[in-house]
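Work through these exercises with the model open beside you. Try each task before you read its solution.

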Amino acid sequence: NQMPKKEVYLMKKIILPLAETSKGKVERGFAVQKTYNGEDSRGNALSTYKFNVKPTLDYPLGQIPKGYNPRGLEEKSSIVKAIRASTSQPNFSLKNRGVMAYCEPGSVKIDHEKKTIEFLCREDSTQGDSDGQHTIFGVEDSIKAGEWHQLNSVNFILHEKNPDQSV
């Protein structure tokens with residue numbers, strides 16, 4: 001009787017600051033919207049989270065591993081230039097779709113005291129950023145240059161997903 005081998009994956013912990021509401025609070029149901037999507041073949045609950053983040057030098061969007069993304073990053077593209085131009089003005093999240101990523105099921109933690117969201121991504125490109133590489137690059141470039149408007153936030157959609165599921 002041999003026990004089946006348990007696969008071990010390198011995981012990366014991602015921590016991002018949540019955007020505050022207009023009242024200066026991170027409130028349940030307002031700052032983070034959670035939608036239950038059923039269960040995967042292993043019985044893990046799967047949810048989608050929608051929220052806005054306020055990336056910083058200490059908590060950059062670039063900490064998210066590069067997942068499957070059919071369109072590669074073109075750092076000098078007109079898309080990046082347009083993103084970059086809009087980061088120094090308020091209302092960035094109204095002009096930009098933001099970032100979509102996949103994370104490990106059950107790993108999402110919201111800390112209302114610290115005003116952060118935390119999740120785990122496998123580092124083998126089966127989880128992580130799946131859309132928004134140009135946004136990540138443009139926002140990080142703006143933050144490093146000190147041009148990110150303090151009222152801005154980035155739209156974020158996070159799906160819990162096992163790598164054996166199709167996207």
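**Exercise 1. A residue in a loop**

In which loop does N91 lie?

Solution. Start with the ground rules. This is a predicted model, in which local features need pLDDT of at least 70, side-chain atom pairs count only at pLDDT 80 or more, and totals for chains, interfaces and linings use all residues. Residues are numbered from 1 along each chain as its sequence is written, and side-chain values use heavy atoms, with hydrogens and water left out.

Step 1. Find the elements. Helices (H or I, at least four residues) and strands (E, at least two) are DSSP runs, numbered from the N terminus. N91 sits in the loop between helix 1 and helix 2.

Step 2. Check the backbone. Most residues other than glycine have a negative phi. N91 is not a glycine, yet its phi is positive, about 75°.

Step 3. Check the exposure. Buried means under 20% relative accessible area, exposed over 50%, and partly exposed in between (1.4 Å probe, protein chains only). N91 has a relative accessible area of 46%, so it is partly exposed.

**Exercise 2. Another positive phi**

Solution. Step 1. K115 is in the loop between strand 5 (109-111) and strand 6 (116-122).

Step 1. Its phi is near 60°, a positive value in a residue other than glycine.

Step 2. The relative accessible area of K115 is 27%, so this residue is partly exposed.

**Exercise 3. The whole chain**

How many helices and strands does the protein have, and in what order do they run?

Solution. Step 1. Count. The protein has 3 helices and 8 strands.

Step 1. The order is β-β-β-α-α-β-β-β-β-α-β.

Step 2. Look at burial. Of the 167 residues, 43% are buried.

Step 3. Look at contacts, meaning heavy atoms within 4.5 Å. Take the contacts between residues at least 6 apart in sequence: 78% of them join residues at least 24 apart.

**Exercise 4. The two sides of helix 1**

Which residues of helix 1 are buried, and which are exposed on the other side?

Solution. Step 1. V80, I83, R84 and S86 are buried in helix 1 (78-86). They cover an arc of only 165° around the axis, so they are on the same side of helix 1. The arc is that of the directions from the helix axis to the C-beta atoms.

Step 1. Recall the general rule. An α-helix has 3.6 residues a turn, so residues three or four places apart point the same way.

Step 2. Turn to the other side of helix 1. S78 and K81 are exposed there.

Step 3. Ask what covers the buried residues of helix 1. The cover includes helix 2 and helix 3.

Step 4. Focus on S86. Its relative accessible area is 13%, so S86 is buried. Leaving aside neighbours within four places in sequence, S86 is in contact with F92, K95 and N152.

**Exercise 5. The pockets**

Solution. Step 1. Define the term. On a 1 Å grid over the protein atoms alone, a pocket is an open set of points where a 1.4 Å probe fits, with protein on both sides within 12 Å along at least five of seven lines; lining residues have an atom within 4 Å of a point. A volume is the space filled by probe spheres set on the points, and grid points are joined across faces, edges and corners.

Step 1. The largest pocket holds about 260 Å³. It has 13 lining residues, and N91, S93, L151, N152 and S153 are the closest to its centre. Helix 2 (residues 92-95) gives the largest share of this lining, 3 residues.

Step 2. The second largest pocket holds about 220 Å³. It is lined by 14 residues, with R97, G98, D131, G132 and T135 nearest its centre. Helix 3 gives the most to this lining, 3 residues.
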